[in-house]
Amino acid sequence: MSQRLESATNIWITGAGTGIGEAVTRALARGGHRLILTGRRSKPLEALCELAPERMVTAPGDTTSKKDLEQIASVLENQGDLHMAILNAGTCQYLDVTEYDSHVIEQNIHTNVIGTARCVDIALPALRRTRAKGLPATLVIVSSSAWWFPFGRAEGYGASKAALTYFAHSLRADLAPEGIDVVVVSPGFVKTPLTDRNDFPMPFLVSAEDAAERIVSGLAKGKNDIDFPKRFTWTLKLLSNLPQGLIDRIAANMARKGT
Ligand SMILES: NC(=O)c1ccc[n+]([C@@H]2O[C@H](COP(=O)([O-])OP(=O)(O)OC[C@H]3O[C@@H](n4cnc5c(N)ncnc54)[C@H](OP(=O)(O)O)[C@@H]3O)[C@@H](O)[C@H]2O)c1
């Protein structure tokens, strides 16, 4: 068993107000951890803090804004040693290829890649200070398994999550000598406000609570890559190993049917 969530831990979580972030926040609050919650809307964060007001604080802000992150950094500093940062804030904008617009690509990349990278600007120095005291320090990046297969309309979202996963794995290599873990979370479909907008079938959809349970137990077990549900991620892994010509035919067929 890993030391990661063994004792009460100071954790910063972004995108905490809804969906996966909210469910992870609830699960960690039940576990007795001290939590710093970020999102652009304050209200959902304040409501969550009522779960354990003595152990939870809000640090609202836009994760793409350097100015907001400066303010969040001072909240993190006031809370003492930071043991874990869960960078979960994200968006999913689909492209309509009949009205191709690179703005859609930009929006996905800006929030999912640039926003997360900017969060690392403030998380990494804090995690380094904790690690220097010989304590465990973990950076968790919530990516997606969606980019493992070229789904139609997902040009922007898939590209952003592919970039984010590469960013995380590369960071893992560079931070290994310092003993700072970098964990990549790659969910399949999870029922949240983000996916409630989807107008296509979502195979093996799991609840946000189920997703949170898998994320928190994976972290506690010391896993560095957490993907779920396995029936979905194994299928994608299998498909991604097919010859490219076959992948292209399956992907085009799925895109035509809108699945
Ligand atoms: N649901 C799925 O099937 C699924 C699958 C794979 C991966 N994921 C990933 O899981 C993460 C959480 O998604 P979710 O499904 O739980 O969706 P969600 O309910 O929409 O949660 C996203 C959260 O991120 C926050 N957020 C978005 N942009 C932000 C910004 N610029 N600054 C600060 N906070 C921001 C939102 O709060 P505010 O609007 O208040 O800022 C919201 O609470 C995302 O990274 C998503 O890509 C989801």
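This is a predicted model: local features need pLDDT of at least 70, side-chain atom pairs count only at pLDDT 80 or more; totals for chains, interfaces and linings use all residues.

User: Which helix gives the largest share of the lining of the largest cavity?

Analyst: The structure holds 1 cavity of 30 Å³ or more, and the volume of the largest cavity is about 30 Å³. Its lining consists of Thr-14, Thr-63, Leu-87, Ala-89, Thr-111, Gly-115, Thr-116 and Cys-119. By type, this lining divides into 3 nonpolar, 5 polar and no charged residues. The largest share, 4 residues, comes from helix H4 (residues 102–132).

User: Is Leu-127 buried or exposed?

Analyst: Leu-127 has its place in helix H4. Away from its sequence neighbours up to four places off, Leu-127 touches Leu-82, His-83, Met-84, Ala-85, Ala-137, Thr-138, Leu-139 and Ile-180. The cut-off for buried is under 20% relative accessible area. Leu-127 has 0% relative accessibility, so it counts as buried.

User: What distance separates the C-alpha atoms of Leu-127 and Asp-81?

Analyst: Along the chain, Leu-127 and Asp-81 are 46 residues apart.

User: Which element gives the largest share of the lining of the second largest pocket?

Analyst: The second largest pocket, with a volume of about 160 Å³, is lined by Arg-214, Ser-217, Gly-218, Lys-221, Lys-223, Asp-225, Ile-226, Asp-227, Phe-228 and Lys-230. Two or more of these residues come from each of helix H6 (208–220) and strand S9 (225–228). The largest share is 4 residues, and it comes from S9.

User: How many residues in the lining of the second largest pocket are charged?

Analyst: Residues including Arg-214, Lys-221 and Asp-225 line the second largest pocket, and Asp, Glu, Lys and Arg count as charged. The lining divides into 2 nonpolar and 2 polar residues, with the charged ones numbering 6.

User: Within what arc do the buried residues of H2 fall?

Analyst: In helix H2 (residues 42–49), the residues Leu-45, Leu-48 and Cys-49 are buried. Seen down the axis of H2, they line one face of the helix because they fall within an arc of 105°.

User: Which elements do the buried residues of H2 pack against?

Analyst: Leu-45, Leu-48 and Cys-49 are buried in H2. The buried residues of H2 pack against helix H1 (19–30), strand S2 (34–38) and strand S3 (56–58).

User: Which residues are exposed on the other side of H7?

Analyst: Helix H7 (residues 230–240) has Phe-232, Thr-233 and Leu-236 buried. They cover an arc of only 90° around the axis, so they are on the same side of H7. The buried residues of H7 pack against strand S6 (180–187) and S9. On the other side of H7, the exposed residues are Arg-231, Trp-234 and Leu-238.

User: Why is the pair of Tyr-94 and Phe-200 called by its type, and what is that type?

Analyst: The whole structure has 4 aromatic pairs. For Tyr-94 and Phe-200, the ring centres are 5.8 Å apart and the planes are at 80°, and planes over 60 degrees apart count as one type. The pair is therefore edge-to-face.

User: Which residues do ring pairs link into a cluster?

Analyst: Tyr-94 counts as partly exposed at 28% relative accessibility, whereas Phe-200 is buried with a relative accessible area of 14%. Ring pairs link these two residues and two others into a cluster: Tyr-94, Phe-189, Phe-200 and Phe-232.

How values were computed: Residues are numbered from 1 along each chain as its sequence is written. Side-chain values use heavy atoms; hydrogens and water are left out. On a 1 Å grid over the protein atoms alone, a cavity is a set of points where a 1.4 Å probe fits but cannot get out, and a pocket is an open set with protein on both sides within 12 Å along at least five of seven lines; lining residues have an atom within 4 Å of a point. Grid points are joined across faces, edges and corners, and a volume is the space filled by probe spheres set on the points. Buried means under 20% relative accessible area, exposed over 50%, partly exposed in between (1.4 Å probe, protein chains only). Contact means heavy atoms within 4.5 Å. The arc is that of the directions from the helix axis to the C-beta atoms. Rings of Phe, Tyr and Trp (its six-membered ring) pair if their centres lie within 6.5 Å; planes under 30 degrees apart count as stacked, over 60 as edge-to-face and the rest as tilted.
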